[in-house]
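Try each task before reading its solution.

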Amino acid sequence: MIRILLVDDHPVVRHGLRGMLDAEPDLSVVGEAGSGDAGIALAAAERPDIVLMDLRMPDGDGVSATERILATVPGVRVMVLTTYESDRDILRAIEAGACGYLLKDASPQELADAVRAAARGETVLAPSVASTLVRQVRQPAPPALSAREAEVLRLVGQGLTNADIGKRLFIAEATVKTHLLRAFTKLDVADRTAAVTTAMRHGLL
């Protein structure tokens, strides 16, 4: 019997999931939690095989709850079940250690099969989620700025001129320009505004 914990802040969703999963002869829902913190406490108490985790809840989000459950409950596997599939949500969940990522529009059979696969140690991803991860992997790595280049760009983003930046950092204005030009080259941009926005998009600032 595969023992399952449901963590979702919507009672109607939990009720529906329990009905679908308990109808399977080899699946059993052993607990329900309506928040991240409650899910962590219940996982520690019940020691389920699988946790079905929503992402966005009060009292701590699903990613944080996933990390804490995996750190404190040996052998448990956490599978995200959510309506959200943004790139950021997917990557955060997988990086937190989730063994799978399904969307709530999955059919009852798909959900049951996914739980069984997760219990076998497999990774389970909705097709659209798998496509997102492949796209992310294929993207080139963001350029690496030096600490000084990033510092200069942060000040540019605050509206400072090259002269102001030089005074703030106690370096010559020509040195500021040199750092900017190097950053432009690394970011493949031609002006200050584009440099700042591109660096922010890559998470470099």
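Contact means heavy atoms within 4.5 Å. This is a predicted model, where local features need pLDDT of at least 70, side-chain atom pairs count only at pLDDT 80 or more, and totals for chains, interfaces and linings use all residues. Residues are numbered from 1 along each chain as its sequence is written, and side-chain values use heavy atoms, with hydrogens and water left out.

**Exercise 1. Decide whether Thr-66 is buried or exposed, and list its contacts.**

Step 1. Buried means under 20% relative accessible area, exposed over 50%, partly exposed in between (1.4 Å probe, protein chains only).

Step 2. Thr-66 has 1% relative accessibility, so it counts as buried.

Step 3. Leave aside neighbours within four places in sequence. Thr-66 then touches Met-53, Val-78, Ala-96 and Ala-98.

Step 4. For the whole chain, 41% of the 205 residues count as buried.

**Exercise 2. Find the span of the response regulatory domain in the UniProt record.**

Step 1. The unreviewed UniProt entry carries the annotation "domain: Response regulatory" over residues 3-119.

Step 2. UniProt positions are given in the numbering used here, feature names are shortened, and annotations may be inferred rather than shown by experiment.
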